[in-house]
Amino acid sequence: MFETLYRCRNDYDLRGWSSHNPQVIRAGRRRFAQSFQPMRYRDKMVEQAVRQLIVRHGRHPTTGIYAVLMAHGMGAEQILLPGMDFYGTHQRYPFSPGPHYRDLMGQDLGRRGLDAHLHDLDLDHAILQMLQTRGDLQLLRLGDSPLLRDVSDPAPDRGGAGLEQPRVDPPTDWASWAGPYPIRALKVLRRGSAALRGLKERILF
């Protein structure tokens with residue numbers, strides 16, 4: 001992902017990035033070390049509430065929810081939720097994952113829906129509900145997902161023509177190589193790592 005973004009970096013105004021995942025942070029800093037910003041919550045109350053909800057549900061927030069938390073942590077007072085529909089459609093992303101992307105993440109990536117072993121829509125909704133009740137943030141939705149109606153307001157129509165910014169060479173897929181590794185090799189390494197973790201868990205428990 002970062003290798004792909006690095007190759008088209010002149011087309012995008014990437015001023016900063018963050019992540020909650022140490023592995024993602026290590027990978028990203030190889031290409032974008034100077035623009036990295038550690039993830040932070042608005043205050044300790046938000047951080048504690050999120051951690052308690054994660055423990056209660058036994059799952060982790062989806063990437064979109066982490067993005068909302070990061071924006072809130074940086075002081076955002078209004079956050080637009082474009083494309084967030086809580087997997088209410090058959091298509092997982094608003095784009096079609098390319099062959100290299102699918103090689104690493106799975107051939108069914110674009111249509112397999114929520115990874116229930118990692119995420120829980122009730123957890124995502126509970127986090128948005130917690131943020132909404134604080135009173136220091138307004139969430140605005142573009143779609144009409146039933147799970148968003150009680151935690152967000154419809155985004156107002158700004159009027160005027162659509163925003164168009166043509167790209168010189170927009171990416172259609174992930175880069176085929178990341179450092180010395182082809183993406184297919186990374187998939188093998190990822191599967192091997194998962195198998196090793198499973199073996200360790202069976203031995204320990």
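**Close-up 1. Glu-47, a residue of helix 3.** Welcome to this predicted model; our tour starts with a single side chain. Glu-47 sits in helix 3, and its relative accessibility is 19%. Buried residues are those under 20%, so Glu-47 counts as buried. Its side chain has a partner: a polar contact of 2.9 Å joins the side chain of Glu-47 to that of Arg-51. For readers new to helices, an α-helix has 3.6 residues a turn, so residues three or four places apart point the same way.

**Close-up 2. Helix 3 against helix 6.** Here we look at helix 3, residues 44–57, together with helix 6, residues 121–134. Their axes come within 10 Å and cross at roughly 155°. An angle over 145 degrees counts as roughly antiparallel, and therefore helix 3 and helix 6 are described that way. The crossing of helix 3 past helix 6 is right-handed. On the helix 3 side, the contact is made by Met-45, Val-46, Ala-49, Val-50, Leu-53, Ile-54 and His-57. Helix 6 brings Asp-122, Leu-123, Ala-126, Ile-127, Met-130, Leu-131 and Arg-134 to the contact. Sorted by class, this contact of helix 3 with helix 6 holds eleven nonpolar residues, one polar residue and two charged ones.

**Close-up 3. Helix 4 against helix 6.** Because angles under 35 degrees count as roughly parallel, helix 4 is roughly parallel to helix 6. Helix 4 passes helix 6 in a left-handed crossing. From helix 4, look for Ile-65, Val-68, Leu-69 and His-72. They meet Asp-124, Ile-127, Leu-128, Leu-131 and Arg-134 of helix 6. The contact of helix 4 with helix 6 comprises six nonpolar, one polar and two charged residues.

**Close-up 4. The buried residues of helix 4 and what covers them.** Let us stay with helix 4, which spans residues 63–73. Which of its residues are buried? They are Ile-65, Tyr-66, Val-68, Leu-69, Met-70, His-72 and Gly-73. Their cover includes helix 3 and helix 6, along with strand 1 (78–81) and strand 2 (138–141).

**Close-up 5. Gly-75, following helix 4.** Gly-75 follows helix 4, and its phi is positive, near 105°.

Key
Residues numbered from 1 in each chain as written. Predicted model: local features only at pLDDT ≥ 70, side-chain atom pairs only at ≥ 80, totals over all residues. Heavy atoms only, no water. Axes fitted to C-alpha atoms, helices over the stretch in contact; angles between N-to-C directions. Helix = DSSP H or I, 4+ residues; strand = E, 2+ residues; numbered from the N terminus. Parallel < 35°, antiparallel > 145°, perpendicular 65-115°, else oblique. Left-handed = near helix turned anticlockwise from the far one by under 90°. Contact = heavy atoms within 4.5 Å. Nonpolar A, V, L, I, M, F, W, Y, C, P; charged D, E, K, R; others polar. Buried < 20%, exposed > 50% of the residue type's maximum accessible area, 1.4 Å probe, protein only. Polar contact = N/O pair within 3.5 Å; in protein donor to acceptor, adjacent residues only side chain to side chain.
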